[in-house]
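Hi everyone, thanks for coming.

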Amino acid sequence: MVHTTLTHNSYCTAWGLPKYTLTRICCVAYTKRMESVFEIIAEPNRRAILSLLVSSQQSVGEIERELGMTQPTVSKHLRVLREGGFVESTVDAQRRLYRLKPESLQELDAWLAPFRRFWSAHVDALERHLDRMEQLAPTKSQATPTKRKTRRRR
């Protein structure tokens with residue numbers, strides 16, 4: 001049985017919260033933050049909005065037209081993205097322009113880094129394997145000719 005007891009005077013300096021035995025590597029608040037980050041970007045419409053904002057800042061109306069969503073839907077998703085720290089807005093006359101906030105994406109990228117190294121090692125191994133297979137495979141000129149289909153006469 002695993003116990004989750006508080007460690008004596010052990011606090012997460014980043015958030016001022018107690019650390020638990022099971023979460024000694026990272027703060028509880030940080031773990032919860034990462035969970036909420038993934039909940040935010042799990043929604044396909046939000047990912048589409050983030051992809052659109054990569055190229056330039058956009059107004060709600062521009063996002064609405066580009067993605068074919070209704071204004072209330074775009075506004076709802078932008079609010080979630082803004083509260084999650086993914087986008088920020090500025091006022092330009094009568095329009096509110098939204099742009100990416102790179103800090104949250106950098107935090108997500110940093111969290112994914114160990115997994116990327118794991119995946120990269122596998123992709124590199126696959127590439128080496130395919131290179132070996134290509135070297136072992138006979139070229140078309142060396143390959144045995146294929147049989148031609150003959151027509152049956154009736």
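Quick housekeeping before that. This is a predicted model, where local features need pLDDT of at least 70, side-chain atom pairs count only at pLDDT 80 or more, and totals for chains, interfaces and linings use all residues. Residues are numbered from 1 along each chain as its sequence is written, and side-chain values use heavy atoms, with hydrogens and water left out.

Okay, salt bridges. Side chains of opposite charge can pair when their charged atoms come close. Here the term means a side-chain nitrogen of Lys or Arg within 4 Å of a carboxyl oxygen of Asp or Glu.

Let's start with Glu62 and Arg95, whose closest N and O atoms are 3.5 Å apart. That pair ties together distant parts of the chain: Glu62 sits in helix α3 (residues 60-67) and Arg95 in strand β5 (residues 95-100), 33 residues apart. By the way, helices (H or I, at least four residues) and strands (E, at least two) are DSSP runs, numbered from the N terminus. Glu62 and Arg95 also belong to a network of salt bridges that takes in Asp92.

Are these two buried or exposed? For the cut-offs, buried means under 20% relative accessible area, exposed means over 50%, and partly exposed is in between (1.4 Å probe, protein chains only).

Next up, Arg99 and Glu88 form a salt bridge with the closest N and O atoms 3.0 Å apart. Again distant parts of the chain are linked, with Arg99 in strand β5 and Glu88 in strand β4 (residues 87-92), 11 residues apart. Arg99 is partly exposed at 31%, and Glu88 is partly exposed at 28%.

Then there's Asp109 with Arg116, a salt bridge at 2.6 Å, N to O. Asp109 comes out partly exposed at 38%, as does Arg116 at 39%.

Last stop, the surface. Asp124, Glu127, Asp131 and Glu134 form a negative patch. Patch residues have over 30% relative accessible area and no salt bridge, with like charges joined within 9 Å and nonpolar side chains (Val, Leu, Ile, Met, Phe, Trp, Tyr) within 5 Å. One of the four, Asp131, lies in helix α5 (residues 102-136), and Asp131 is partly exposed because its relative accessibility is 41%.

Technical notes. Accessible areas come from the Shrake-Rupley method with a 1.4 Å probe; for residues, only the protein chains shown count as cover. Lys and Arg count as positive and Asp and Glu as negative; His and the chain ends are not counted. The place of a charge is taken as NZ of Lys, CZ of Arg, CG of Asp or CD of Glu.
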